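Subject: Structure handover

Hi,

Here is the structure I promised. Please load it first, then read the notes below.

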Amino acid sequence: MEFRKEIEFAKVLLPNGSIEENRIEIRYDPLTLQTSRVLKKKPPIPEIQGFEEEIESTKVWCPFCPERIESMAAKDPELLKGEFLRRGEAILFSNIVPYSKYSFVIRMTDAHYLELEDFKRDYFDDSFFLIQDALSRLGEGKYYISIGMNYLKPAGSSIMHPHIQTLVSETSTDYFARMDWSALEFFEERKKDYWKALVEKEKEIGSRFVGETAKTTWLAAFAPKGFFHFIGVPEEREFMNMSEEQISGISEGIIRILRFYASKGFNSFNISMFLADRLGEHFRTNLHIVARTPFDKYYWCDVYFPKLFHDETISYLVPEEYASEMAEFMQG
Ligand SMILES: [Zn+2]
């Protein structure tokens, strides 16, 4: 496993007459070799403007609010026989705009809007248990299954109300395929799955190791795909067989990361969990979380041409610097 990087320096003549040298690290993801650019200089970001208006105006029509969900949500006619699945405040149903064979939405909370520090472990636990329930009804066959979350508009969410999604597809997404074959290659060479090896290596190095929750290790990604990119690696390989302790370990890690994001003034995030189920021993379920540029009245989109067309992330935050700060939050 290699943590490879190239370094470039860029000189700029500042308006005050001084010359500034900027260091740009081009880092290769140790699994997929996809590159990310890590800078040490932050662009000027204006102060957050409140968005109370947005919270109130979206509440009026929100299909996930308790008074509307029964009449507005789409249901799955086959696996779930036209029923909702419920647990705590969480409700699982079908995405009305599906983009894979099965496309579920889990409405996490009764509350329409939550500050990041108000997300509770139960909200994630209940949602994950409902997903396990829905997936347990799947028939035979190879499926690529992922769980994702977009929170607030900068993360691409059209609906503010906290919700998680699950995609079950016979065909992998582009990046899932890349991960799958890279992991297979790694496994054939090393007789060990990549994520297990990554955890061992990162614990040895130490500078990107963030901490542990029950049965789960948390790392700052070497080649981040966004701001504050952390990776969660569970001990139990397949999601559908995960114990309550394993699921709670994952949920607990997520809420600690959200508290860290909040402490940094961030309020929007994306999660993707790639499931090992039905893929084979070379693959281990792995979770990724990044913060997005904060939502405010005039928020800025951080997916620009390098990300959209080059599939190249630009991060102005350095993993080895924020990993130690996150480590404190991971201790609870
Ligand atoms: Zn709502």
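Which residue in β14 does Val 38 stand opposite? It is Ser 315. Keep in mind that this is a predicted model.

**The four-stranded sheet**

β3 (residues 35–39) and β14 pair in the parallel sense, over three bridges. They belong to an open sheet of four strands, ordered β1-β2-β3-β14. Pairing in that sheet is mixed. β1 (5–13) and β14 (313–315) are the edge strands, and each pairs on one side only. From one strand to the next, the twist averages 25°.

**The chain overall**

There are eight helices and 14 strands in the chain. The radius of gyration is 20 Å, close to the 20 Å that the globule rule gives for 332 residues, so the chain is as compact as a globular protein of that length. Along the principal axes, the C-alpha atoms fill a box of roughly 65 × 55 × 40 Å. Buried residues make up 40% of the 332. Take the contacts with a separation of 6 or more: 65% of them come from residues 24 or more positions apart.

**The ten-stranded sheet**

A second topic is an open sheet of ten strands. Its order is β4-β5-β6-β8-β7-β12-β13-β11-β10-β9, and the pairing is antiparallel. The twist here averages 20° from one strand to the next.

Some pairings to look at:

- β5 (residues 90–94) and β6 (residues 102–107) run antiparallel and are joined by four bridges. Ser 94 stands opposite Phe 104 in β6.
- β12 (residues 268–274) pairs with β13 over seven bridges, in the antiparallel sense. Phe 269 stands opposite Ala 291 in β13.
- β11 and β13 pair over four bridges, also antiparallel. Phe 230 has Ile 289 in β13 as its bridge partner.

β13 itself is mostly covered, with six of its seven residues buried. Helix α5 (residues 194–205) lies across β9, β10 (216–220), β11 (227–234) and β13 (286–292). It runs at about 115° to β11.

Helix α8 (residues 319–330) has twelve residues. Its first and last C-alpha atoms are 15 Å apart, close to the 16 Å expected at 1.5 Å a residue. Which residues of α8 are buried? They are Pro 319, Tyr 322, Ala 323, Met 326, Phe 329 and Met 330. Seen down the axis of α8, these fall within an arc of 115°, so they line one face of the helix. Their cover includes β9, β10, β11 and α6 (244–263). Just after α8 comes Gly 332, with a positive phi of about 85°.

α6 is mostly covered too: 14 of its 20 residues are buried. At 1.5 Å a residue, those 20 residues should span 28 Å; the end C-alpha atoms of α6 are 29 Å apart, which agrees. Gly 265 follows α6, and its phi is positive, near 85°.

**Two residues to check**

Val 105 lies in strand β6. Is Val 105 buried or exposed? It has 22 C-beta neighbours inside 10 Å, so it counts as buried; the cut-off is 20 or more. Leaving out residues up to four places away in sequence, Val 105 touches Phe 93, Asn 95, His 163 and Gln 165. Val 318 is 213 residues from Val 105 in sequence, and their C-alpha atoms are 33 Å apart.

Glu 115 sits in the loop between β6 and α3 (121–135). It has 9 C-beta neighbours inside 10 Å, so it counts as exposed; here the cut-off is 12 or fewer.

Best regards

Note on methods. Residues numbered from 1 in each chain as written. Predicted model: local features only at pLDDT ≥ 70, side-chain atom pairs only at ≥ 80, totals over all residues. Pairing = 2+ DSSP bridges. Helix = DSSP H or I, 4+ residues; strand = E, 2+ residues; numbered from the N terminus. Axes fitted to C-alpha atoms, helices over the stretch in contact; angles between N-to-C directions. Contact = placed C-beta atoms within 7 Å. Rg over C-alpha atoms; globule rule 2.2 N^0.38 Å. Expected span 1.5 Å × (residues − 1). Arc of directions from axis to C-beta.
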